[in-house]
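Colleague: I'd like some practice in reading a model residue by residue. Could we go through one together?

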Amino acid sequence: GADLRDVVSEALSSNPDVAEARNQWRARREEVRRAEGGFLPSVDLNAGIGYESTDSPSTRARDGGSNELTRRELGLTVRQMLFDGWGTRSEVERQQARTDSAAARLLAVGEATALRVTEAYVDLLRFGELYAISEESLAIHRRIEDQIRLRSEAGVGRRADYDQVRSRVALAEWGGFVFANLD
């Protein structure tokens with residue numbers, strides 16, 4: 001069988017509660033990175049082209065009607081935040097606090113999962129030992145039963161002793177049955 005370390009490791013990597021807490025923590029880390037983006041420069045590019053018609057008193061006076069042309073524009077804007085009243089810094093700190101909270105939750109869920117798995121593992125080992133002890137006890141009771149039966153058949157032992165050992169064998173068989181069927 002697998003040792004405890006392998007069992008706990010497998011449980012932590014496959015447990016859906018741990019996976020959910022891990023994903024929440026990763027998402028919070030990305031929120032911190034996004035908030036830190038407020039410190040970085042931004043570059044915006046915009047472009048446009050299209051038909052434009054202007055009909056106003058000035059175009060009517062100058063051209064005798066509307067003015068039609070093809071509009072083209074291109075713009076590039078570069079911005080760098082210099083000071084925003086500590087808003088970006090506060091947002092980064094807020095998101096970092098959320099990340100720390102998610103990390104603490106991940107740790108708590110992981111520890112609880114590891115504890116449950118460890119308890120189950122120890123119980124399994126304990127029940128295995130108890131089953132082995134009950135099998136050994138049953139074998140001893142059957143040997144004693146055979147000895148008392150032989151004595152009783154030979155007329156040396158009492159029938160009451162044989163009946164008593166039979167009930168003890170039945171009890172030992174029942175104990176073995178219980179341990180063998182624990183799921």
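Colleague: Leaving aside neighbours within four places in sequence, which residues is glutamate 145 in contact with?

Modeller: Keep in mind that this is a predicted model. Glutamate 145 has contacts with Tyr162, Val165, Arg166 and Val169, once its neighbours within four places in sequence are left out. Glutamate 145 itself sits in helix H4.

Colleague: Is glutamate 145 buried or exposed?

Modeller: Buried means under 20% relative accessible area. Glutamate 145 has 10%, so it counts as buried. Its side chain also makes a polar contact of 2.6 Å with the side chain of arginine 166.

Colleague: Let's turn to helix H2. Which of its residues are buried?

Modeller: A general idea comes first: an α-helix has 3.6 residues a turn, so residues three or four places apart point the same way. In H2, the buried residues are Val18, Ala21, Arg28, Val32 and Ala35. They lie on the same side of H2, because the arc they cover around the axis is only 105°.

Colleague: What do the buried residues of H2 pack against, and which exposed residues are on the face turned away?

Modeller: The packing partners are helix H1 (4-14) and helix H4 (87-153). The face turned away from the buried side carries Pro16, Arg33 and Arg34, which are exposed.

Colleague: What span should H2 have at 1.5 Å a residue?

Modeller: Its 21 residues, 16-36, should span 30 Å, and the end C-alpha atoms are 30 Å apart, which agrees.

Colleague: And which residue caps the N-terminal end of H2?

Modeller: That is asparagine 15, with a side-chain oxygen 2.7 Å from the backbone nitrogen of aspartate 17.

Key
Residues are numbered from 1 along each chain as its sequence is written. This is a predicted model: local features need pLDDT of at least 70, side-chain atom pairs count only at pLDDT 80 or more; totals for chains, interfaces and linings use all residues. Side-chain values use heavy atoms; hydrogens and water are left out. Helices (H or I, at least four residues) and strands (E, at least two) are DSSP runs, numbered from the N terminus. The expected span of a helix is 1.5 Å times one less than its number of residues. Buried means under 20% relative accessible area, exposed over 50%, partly exposed in between (1.4 Å probe, protein chains only). The arc is that of the directions from the helix axis to the C-beta atoms. Contact means heavy atoms within 4.5 Å. A polar contact is a pair of N or O atoms within 3.5 Å; within protein, one must be able to donate a hydrogen and the other to accept it, and residues adjacent in sequence count only if both atoms are side-chain atoms.
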